[in-house]
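Here's a walk through one protein model, meant to be read with the viewer open.

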Amino acid sequence: MFSGKRLVTAAGESGPSAAGMAADGTAETPAAVPGAGMVADSGGAAGPQARTTDIVPGPGGVMTDEVGVVTGDLTLRTEYADGTVTLRVQYKDADEWYAVTGTSVTLADPAGLDAVHGVAVGLLNRPEG
C-alpha cells in the first residue's frame, strides 16, 4: 500500500509539475531534505528499514521471482533487514509485493540503504524508455 503524500496544485495537477507548490498554488517554504521524493519506513537504526519510490520501468519491465516480468506503473521498495537488502516491486497501489530477481545482497552498514535505493531507482525507472 502506498503511504506517500502527493502535492496537488489548485488546478488539481499532481506529480513533478506540482513539486514545491501547496494545494492553494503558493510556493512552499524550501527545505533541504535528504532523500526527498522517497518514503521511509524504519523500525529504528538496527531494525528493519525500507525506502519506496514509484517507478515506470523501460521496455522489458522488471523481472521478478514470483511472477516473471512486470510492467507499467510500479512501486519499488528497497528493504533492509538482518544485514540484507532486497528489492521488491508491486503494481502501484496493489497489495502484493514481488522480489526483483537477483537483488538480495548483503549490506554491512544500514546507513547505505539510501544510496542502494537511489541506484536501484536510477537503474529501473525509465519512463521514457
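**Starting from the helix**

Some terms before we go on: exposed means over 50% relative accessible area, buried under 20%, and partly exposed in between, with a 1.4 Å probe and protein chains only. Helices are DSSP runs of H or I with at least four residues, strands are E runs of at least two, and both are numbered from the N terminus.

Bear in mind that this is a predicted model, where local features need pLDDT of at least 70 and side-chain atom pairs count only at pLDDT 80 or more, while totals for chains, interfaces and linings use all residues. Residues are numbered from 1 along each chain as its sequence is written, and side-chain values use heavy atoms, leaving out hydrogens and water.

Back to α1, which covers residues 113-124. Its 12 residues reach 16 Å from first C-alpha to last, close to the expected 16 Å at 1.5 Å a residue; that expected span is 1.5 Å times one less than the number of residues. Its buried residues are Leu 113, His 117, Ala 120, Val 121 and Leu 124. They sit on the same side of α1 because they cover an arc of only 100 degrees around the axis, taken from the directions from the helix axis to the C-beta atoms. Their cover includes β2 (49-55), β3 (62-64), β5 (74-81) and β6 (84-91).

Zooming out, the protein chain has one helix and eight strands, running β-β-β-β-β-β-β-β-α from the N terminus. Of its 129 residues, 30% count as buried.

The largest nonpolar core has 12 residues: Ile 55, Val 62, Val 70, Leu 74, Leu 76, Leu 87, Val 89, Tyr 98, Val 100, Ala 120, Val 121 and Leu 124. Such a core is a set of buried Ala, Val, Leu, Ile, Met, Phe, Trp, Tyr and Cys residues joined through side-chain atoms within 4.5 Å. β5, β6 and α1 each supply at least two of its residues, and α1 gives the most, with three. Take Tyr 98: setting aside residues up to four places away in sequence, Tyr 98 touches Thr 64, Glu 66, Val 67, Val 70, Leu 87, Arg 88, Val 89 and Tyr 91. Contact here means heavy atoms within 4.5 Å.

On to the strands around β5. Six of the eight residues of β5 are buried, as are six of the seven in β2. β2 and β5 run antiparallel, joined by seven bridges; two strands pair if DSSP finds at least two bridges between them. Within β5, Leu 74 stands opposite Ile 55, and Thr 78 is the bridge partner of Arg 51.

β5 also pairs with β6, again in the antiparallel sense, over eight bridges. Their hairpin has two residues between the strands, and Asp 82 there takes a positive phi near 55 degrees. Ala 81 has Thr 84 in β6 as its bridge partner.

Thr 84 is partly exposed because its relative accessible area is 27%. Beyond its neighbours within four places in sequence, Thr 84 is in contact with Glu 79, Ser 104, Val 105, Thr 106 and Leu 107. Thr 84 and Val 105 are 21 residues apart along the chain, with 5.5 Å between their C-alpha atoms.
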